[in-house]
Amino acid sequence: MYVAVKGGETAIENAEKLLAEERRGNPDVPEISLEQISEQLSLSVDRVMAEGSLHDRKLASLAIKQARGDLVEAIFLLRAYRTTLPRFGASEPLDTAQMAIQRRVSATFKDLPGGQILGPSFDYTHRLLDFDLAENGAMPEPAPEADTPVDATMPRVADLLGEEGLIEREIPNDQDAGEPLDLTRDAARFPLDRATRMQGLARGDEGFLLSLGYSTQRGYGRNHPFAGEIRLGEASVEFIPEELGFAIEIADITVTECQMVNRFQGSDEIPAQFTRGYGLVFGHNERKAMSAALVDRALRAEELGEATDAPAQDQEFVLSHADNVEASGFVQHLKLPHYVDFQSELITVRALRAEALDKQAAE
Amino acid sequence: MPPPSFDATEHGPDTGQIGAKTEANQIRSRRMSVLAKAQPDRLEALWQKFDAHPKWQPLKATETGMVMVRGRLGGTGDAFNLGETTVTRAAVRLEDGRVGLSYVAGRDHQHAETAAVLDALLQGQDDECDLERAIIRPIETEAQDSKAKRARKTAATKVDFFTVVREREA
């Protein structure tokens with residue numbers, strides 16, 4: 001049997017042109033600029049940078065424009081671009097205690113050093129459609145300024161609990177371990193340590209992690225979480241160039257950090273105390289940081305001697321399916337021609353049916 | 001790809017031992033940080049106002065790459081890989097042999113090259129030199145002002161509770 005192995009070039013070219021035209025939309029409507037996307041769709045840009053694993057607002061804005069606002073497609077574009085760049089090295093770990101705070105709330109302590117700082121959040125809005133925004137041109141009223149700025153640094157809530165020994169200590173164990181494993185360079189070999197899992201969560205799909213986090217709240221691996229602290233702000237990226245041997249700051253980047261505080265019954269070795277779940281993401285994305293923190297804590301079940309029978313506690317399940325570029329690729333590859341595979345399936349099904357019919361006729 | 005190995009300080013004035021926390025290194029680090037975080041347009045505008053532009057050559061082709069940004073578990077524990085950021089590196093040699101270097105977030109080659117030229121010019125210069133006064137300090141002050149404004153707007157969203165019970169003192 002002969003099958004067509006070539007063809008469709010003209011159709012593909014024309015489909016690309018049609019896509020470009022659809023992307024542009026009605027030509028009477030002004031074209032959207034990358035600056036407009038970066039400034040006015042900033043949370044889309046944040047999500048694309050976080051899951052695309054590349055902090056670059058201009059590139060993420062371009063990806064969103066090219067993908068017609070399809071964020072998972074935009075994430076794919078950014079991931080593909082980052083594979084073309086060399087790596088100069090790794091930064092010093094961000095010091096989130098020193099970040100310039102833009103928002104900081106705790107659900108565990110009402111009154112805490114530095115205070116509850118609401119910042120730019122949807123949380124306290126009515127969440128009703130605002131038809132004023134449908135009319136272009138109106139500038140928002142300037143946000144009021146207090147006489148004194150927020151404290152330059154604020155202690156983390158988890159560190160306050162730590163002073164009383166009520167929460168597990170979080171100290172580096174990495175002196176001997178060396179560099180953290182990098183999921184973008186090394187194949188994931190399960191079980192992964194917590195630092196490597198955290199990279200997977202940081203670049204994992206927001207929707208997937210949200211659902212998994214939600215599942216732990218609904219009883220699939222319940223872990224009694226409190227939002228100890230959520231903070232948003234700008235942290236300095238420090239890098240030590242090999243040529244210099246001392247640190248320079250190369251950028252201030254916005255990150256969202258969540259510290260979940262979870263009740264822990266205690267075990268043979270550990271007295272009852274609070275344990276932690278942690279989430280850190282590029283940009284302003286509390287939903288993602290909180291989901292990551294819930295899932296991080298769920299994935300620690302085995303380490304803490306808890307039952308591990310829920311999906312969110314299974315690291316191979318979670319981390320093998322959290323990446324939306326991989327997931328989207330494998331689901332959507334089903335669109336590619338499977339003509340020959342399907343032909344063989346047809347033959348098999350026909351043969352089985354014929355066999356069954358023959359058998360029926362014989363009985 | 002490993003970074004090129006060259007000594008950016010070898011032709012500069014004596015900046016002491018590389019990597020050492022010398023005063024010269026601290027001054028250079030501060031200036032390089034200010035230049036890296038500058039708005040490219042603003043830096044260019046201030047630099048263009050400056051008369052004495054030296055001739056320079058790239059010591060190594062200006063290149064855009066990435067730096068892996070790391071965090072720590074719980075903010076204080078083991079380091080982990082958060083995600084990368086684009087970074088552009090420029091290394092330049094001035095006509096008189098002085099060498100400058102820059103690492104600047106983003107993909108703006110001109111920003112990186114201007115920063116590297118300024119790094120070369122500024123080494124060994126004191127706090128009252130022309131470049132410090134005409135370029136570094138204005139950029140630094142503007143950044144601080146803009147940060148302070150943001151911090152005051154943020155402070156206006158701080159919650160004042162009417163009944164204050166201090167849990168930690170109870």
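I took helices (H or I, at least four residues) and strands (E, at least two) as DSSP runs, numbered from the N terminus. This is a predicted model, so I kept local features only at pLDDT of at least 70 and side-chain atom pairs only at pLDDT 80 or more, while totals for chains, interfaces and linings use all residues. Residues are numbered from 1 along each chain as its sequence is written, and side-chain values use heavy atoms, without hydrogens and water.

**The cis bond.** I found a cis peptide bond from A:Phe190 to A:Pro191, with omega near 0°. A:Pro191 sits in the loop between helix H7 (174-177) and helix H8 (194-203) of chain A.

**Positive phi.** Most residues other than glycine have a negative phi, and I noted two exceptions here. A:Ser53 has phi near 60° and lies in the loop between H3 and strand S1 (54-55) of chain A. A:His224 has phi near 50° and belongs to the loop between helix H9 (206-217) and strand S4 (225-239) of chain A.

Are these residues buried or exposed? I used relative accessible area with a 1.4 Å probe and protein chains only: buried is under 20%, exposed over 50%, partly exposed in between. A:Ser53 is buried at 3%, and A:His224 is partly exposed at 34%.

**Helix H10.** I looked at H10(A), residues 286-299, next. Of its 14 residues, 12 are buried, among them A:Leu294 and A:Val295.

**H3 and H5.** I checked which residues meet, taking contact as heavy atoms within 4.5 Å. Residues of H3(A) including A:Arg47 and A:Val48 meet residues of H5(A) including A:Ile75 and A:Leu78.

Note on methods
Chains lettered and ligands numbered in written order. Expected span 1.5 Å × (residues − 1).
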